[in-house]
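Dear colleague,

I am handing over the structure we spoke about, with the sequence alongside. My notes on what was found in it follow below, and I would be glad if you read them with the coordinates open.

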Amino acid sequence: MFVRNERSIKEFMQLYPVVSWLVIIHLVLWLLTGFIQTPIGNLIEGWGKGVNFLISQGEYWRLVTPIFLHSNLMHALFNSFALVLFGPALEQMLGKPKFIVAYIGAGLAGNIGTFLFGPAIYAHVGASGAIYGLFGIYVFMVAFRKQLIDQSSSQIITTIFIIGLVMTFIRPGINMYAHVFGFIGGFAIASLVLNNVRPYAPWLHRRYHDDRSIQFDPNRWQKKQRNKNMFKYGLWIILGILVVLGLFGRVF
């Protein structure tokens, strides 16, 4: 469910356009605000980052705009990697409109939690609240919609949730309010967005030609073993990226 098997970047973008465009937005905005540091980039950063004091003065757009901004390259890259790992399955299951609502809704919940419980003078950016919202939807599936997620993926999600929760509270500099309330937001909205959805199917929308025919494959047992090894390798990649996500999920 979480190991990517698309044959090219083009195919990935065709199958998961929302995830693809979110990653593009992350990187383009970082180029403008962090790498090139153009005047328009400085304007975007000043206008878009979450600042609790300014939100209290009526600048409520800052509850949404921080979702798309990042403090440095590693912050943008690892949040984007996490989105590429965990977003595609949900985008296919929910469809584009509901996935957008779930992603932005969870990010908004994380930023509202940051505003309500964070210090008055507090600046923050990052998509980690929205990404933790995706975890919230997966955890809801594990708890209440088991028919939508396989056992292996359930174990991965449970492990990731525990590690992410620990990292949130022990690592300094992390916006724990965004993580916790983003997760709560995703969990809360899950019952709505998961209504009438089907389990993730990696072969959906893929066009098959001659490979539709049934053929004997003498290497099928070796392939199964390779697939098991790939799954284990993918699991370690996911856990490693989650740890790095915690390390770089920092505020200003």
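F140 counts as buried because its relative accessible area is 12%, under the 20% cut-off that defines a buried residue. F144, by contrast, has a relative accessibility of 54% and therefore counts as exposed, the threshold for that class being over 50%.

The mean pLDDT of the protein is 82, with 80% of its residues at 70 or more. Confidence is highest in helix α6 (residues 96-117), at a mean of 96, and lowest in helix α10 (residues 220-248), where the mean is 51. Over residues 207-225 the pLDDT is below 50, and this stretch has two contacts in the model beyond near neighbours in sequence. For residues 247-251 the pLDDT likewise stays under 50, although the model gives them 20 contacts beyond four places in sequence. Where pLDDT is low, the predicted coordinates should not be read in detail.

Turning to the aromatic residues, the structure holds 14 aromatic pairs. One of them joins F99 and Y103, whose ring centres are 6.2 Å apart and whose planes meet at 20°, so the pair is classed as stacked, given that planes under 30 degrees apart fall into that class. F99 and Y103 are both located in helix α6, four residues apart, or about one turn of the helix, and both are buried. For F140 and F144 the ring centres lie 5.1 Å apart and the planes stand at 50°, so that pair is tilted.

Helix α7, which spans residues 128-144, also contains Y132. This tyrosine counts as buried because its relative accessibility is 6%. Y132 and L83 are separated by 49 residues in sequence, while their C-alpha atoms are 9.9 Å apart in space.

S154 has its place in helix α8 (residues 151-170). With a relative accessibility of 15%, S154 counts as buried as well, and, leaving aside residues up to four places away in sequence, S154 touches V142 and I149.

The pocket is lined by 15 residues, of which S8, I9, F12, M13 and V84 are the closest to its centre. The elements that contribute two or more residues to this lining are α1 (9-15), α2 (17-35) and α5 (73-94), and the largest share, five residues, comes from α2. Sorted by class, the lining of the second largest pocket comprises ten nonpolar, three polar and two charged residues.

With best regards

Methods
Residues numbered from 1 in each chain as written. Predicted model: local features only at pLDDT ≥ 70, side-chain atom pairs only at ≥ 80, totals over all residues. Heavy atoms only, no water. Buried < 20%, exposed > 50% of the residue type's maximum accessible area, 1.4 Å probe, protein only. pLDDT = per-residue confidence, 0-100. Contact = heavy atoms within 4.5 Å. 1 Å grid on protein atoms, 1.4 Å probe; cavity = no way out; pocket = protein on both sides within 12 Å on 5 of 7 lines; lining within 4 Å. Nonpolar A, V, L, I, M, F, W, Y, C, P; charged D, E, K, R; others polar. Phe/Tyr/Trp six-rings, centres within 6.5 Å; stacked < 30°, edge-to-face > 60°.
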